[in-house]
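Take a look at the chain below.

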Amino acid sequence: MITRVRVKRAELSSPREPTAEERRAVLRRVRDAFAQVQGQASPMYGVAAALAVAVPLLAGALSGHAASGSMIALGAYLVALRAPEGPYGAQARSLAIGVVVVAVGAAVGGLLSGHLWPTVIVVPPLIALGVAVPRIGSTAGLAVLLSAVRPPSADVLSIGLLELLGGLFMTGLLLAPWPARRLRPLRASLSECADAVAEALDAVAEDVGAPDPEPLDAVELTNPDLLAVTRVPDWEAKRRAASESLTAARATYRLYRTGRGKSDPTRPERLIDGLARVLHETVTLQAVLEAAKNYPPDREWREETQTAISALAARLRLIAGGIATAGEAPLGREESAAVRRMGRAAEHIRRAGLAGDEDLVAVALISQVRRSIDRIAGEVAANRRLVAGGLRIGFGPPRMPGTLDPMPVWERVRRAVRTRSPAFRQVSRVFVTAVVSMAVAAALGLSHGHWMTITAMLSLRATYGETMDRLVQRVGGTAAGSAVAAVILTLAPGQITVAVIAFVFALAGFAMRSVNYVHWALFGTPLAMMLLDFSAPADWRTAGERIALTFAGAVMSYLAVRLLWPAGHVERLPVQLGRLLGTHADLVRATADVLAGERTRLPHDTIVAAERAAEAVAETRLRLGHERLPDTGLIDELGTAVDAAHRTRDHLIAVARLSRAEAVDTGPVPEILDRLADRFEEAAALLDEPDDLDPKDLAPVEELDEELADLDTHLSTITRRRRAEIKAGVDREEVTPLRQALLQVSSTRYTIRSLRRDAGTAVESSLIAAVTRP
């Protein structure tokens, strides 16, 4: 480990120039920015936004009040930009905030109209506030800015009222399906969760008896169809995806205000808990199957086991379909013939072991495999009954916020400023960029200078890579969209035609916005120009100014992300890595308590805390990958630490679930867990002072090797005593302490060794990453 640290330090001793490969990577980034697909199209969202924008324009054109119609349409446009997601209740709260912000912002913008320098003072703080408070977003800054660039009006309140009406109209259209589709977001989340858990089961089934994957892994394949049939599904990736789906399902459920407490859970809540138990038992099953590869019985068991697991995965998919279709899809039978056949095969092996024809350790492992499959089958059957009964959820009274005390918010702000957190740096960077762009526009008297500010505020992201992707997408899409807008606004015979064209562009832009930002820049640019210039159509000159000012805003964003202070993710790494090690130490202690009988199961909060700590490091790793010259060595080391942490958590879940309610002699397993927890805590303590960190200060735990050897001896002793117990005439069907101990220790032995290896990898990679960070 020390050699690896010295090599890393040598690599970071002097800055380097971009290589030819890195320059080619920039060109690939430009190409990928236009080709990437980030989400799915939202046609219904596009229709609602198009109606909210086009109807006021048509009404204004037909009634002779084009300016008022364009203001109402602009209010609808600004609220539509929020794109609320989740349950309709959450959407309603988000849209309500948006409507209020748009109305107030429009009134403030009306007061600032015709006053350039006061606008420079007022707008940038609102833009920065939107970055700091996601609920506000860019709505406040855009509302004030787009209202301030309009001609001065004596009736400022009417401007806010008109945009308020537009926002309410958009809100009504988006929430109109609420009564009929209230549970659809929850059903979609639960269905995706069941599918993800089913894929994790399939990954376990594919790995049963799978041949050595190294020869195929050495072959480079680009065809996705060939990859699907030649590669065994990645268990760790599938398990992680299932865990993330469970977290998302819980978050979606919490957005529904049911008025029910934990003592009276609803059906959806019980279903989420049931799927979580299926996933945890799947983790246990995978660990036992890995152990069984080293101690396989002589009789055939793999085919029946694989079929049973695949059958359970198929039943989960039927449940997912039943959830998604509100019970219209068939749920299948409650019993599984494949599970029964696996039970008969396991019973045949057990009887052979009692007769002395099979190794008792192999018999114990297959018995544990059967036990896990039976548990999963029972949970799947219970979930099927829940879905068959209907996933109903009631209405609850509105809840007041947990606290109205502003001090917690103020403390978070003070901590962000004191630690110069990445969020604080991003807010500051956006604020400075907005001030500079607006000051330049005011000093030069640019009539359409707001386009430069809009480009800068919407394109500047937290990292270099994300900012460059957004700049490429916005500049390219805006150039094409401005040209299209100039042609349309020049050739359009009248306002009614422009309103119809605005409907088409709003439909295409909002429907395709989540797919790729290029589409939004392409269709949203003509739409914005039509809304702002509806009563006085623009021409080619306006389009040319828009393109030039967009390019100028892109240059400002580029200079900001290059010249202003770094994002600060590297500086936070020691804290995040220390939290990762500390939470996993707590999880190891909790597992030891389960084996000691002090707990009945692992606390859910402890598992979630460890998982979130690992995900925070993974998020930082992703951010570092978006830097201009990413440190690939540091990124790889963080990936190793995160993957090892995920495997460590899986091992601990398996060890805890393999323990039985009855007290058995687990040998040195609790002591091994205590030593691993000590190692996690000692490493976390070293990360408290990262500048003085030296991995040599972490002394090796020599007792672990001795205790692992004691575990092997303990298992051999239990096996001999169990054989002697059977020879002494003890009924082979009788549940004795020796039988219990053999079942538990033989199942956990392989997992404990894997746990020791992965825990050591997580600690070592975390320390190396902390030492070698730039």
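Here are some questions and answers on its helices and their contacts.

Visitor: What kind of model is this, and how are residues numbered?
Guide: This is a predicted model, where local features need pLDDT of at least 70, side-chain atom pairs count only at pLDDT 80 or more, and totals for chains, interfaces and linings use all residues. Side-chain values use heavy atoms, without hydrogens and water, and residues are numbered along each chain as its sequence is written, from 1.

Visitor: How many helices and strands does the chain have?
Guide: Helices (H or I, at least four residues) and strands (E, at least two) are DSSP runs, numbered from the N terminus. The count is zero strands and 30 helices.

Visitor: What share of the residues is buried?
Guide: Buried means under 20% relative accessible area, with a 1.4 Å probe and protein chains only. The chain has 774 residues, and the buried share is 49%.

Visitor: How do helix 6 and helix 19 run relative to each other?
Guide: Helix 6 covers residues 116–132 and helix 19 covers residues 422–444; their axes come within 9 Å and cross at roughly 155°. Axes are lines fitted to C-alpha atoms, for helices over the stretch in contact, and angles run from 0 to 180 degrees between N-to-C directions. Angles over 145 degrees count as roughly antiparallel, under 35 as roughly parallel, 65 to 115 as roughly perpendicular and the rest as oblique. Helix 6 and helix 19 are therefore roughly antiparallel.

Visitor: Which residues of helix 19 meet helix 6?
Guide: Contact means heavy atoms within 4.5 Å. From helix 6 come Trp 117, Val 120 and Pro 124, among others. Facing them in helix 19 are Gln 426, Val 427, Val 430, Phe 431, Ala 434, Val 435, Met 438, Ala 439, Ala 442 and Ala 443.

Visitor: Are helix 25 and helix 27 roughly parallel or roughly antiparallel?
Guide: Helix 25 (residues 573–595) and helix 27 (residues 632–658) have axes that come within 10 Å. The axes cross at roughly 15°. The two helices are therefore roughly parallel.

Visitor: How do helix 7 and helix 20 pack, and at what angle?
Guide: Helix 7 spans residues 139–148, and helix 20 spans residues 450–459. Their axes are 11 Å apart. The angle is about 170°.

Visitor: How far apart are the end C-alpha atoms of helix 5?
Guide: Helix 5 (residues 88–112) has 25 residues. The expected span is 1.5 Å times one less than the number of residues, so helix 5 should span 36 Å. The end C-alpha atoms agree with this, at 35 Å apart.

Methods: Buried < 20%, exposed > 50% of the residue type's maximum accessible area, 1.4 Å probe, protein only.
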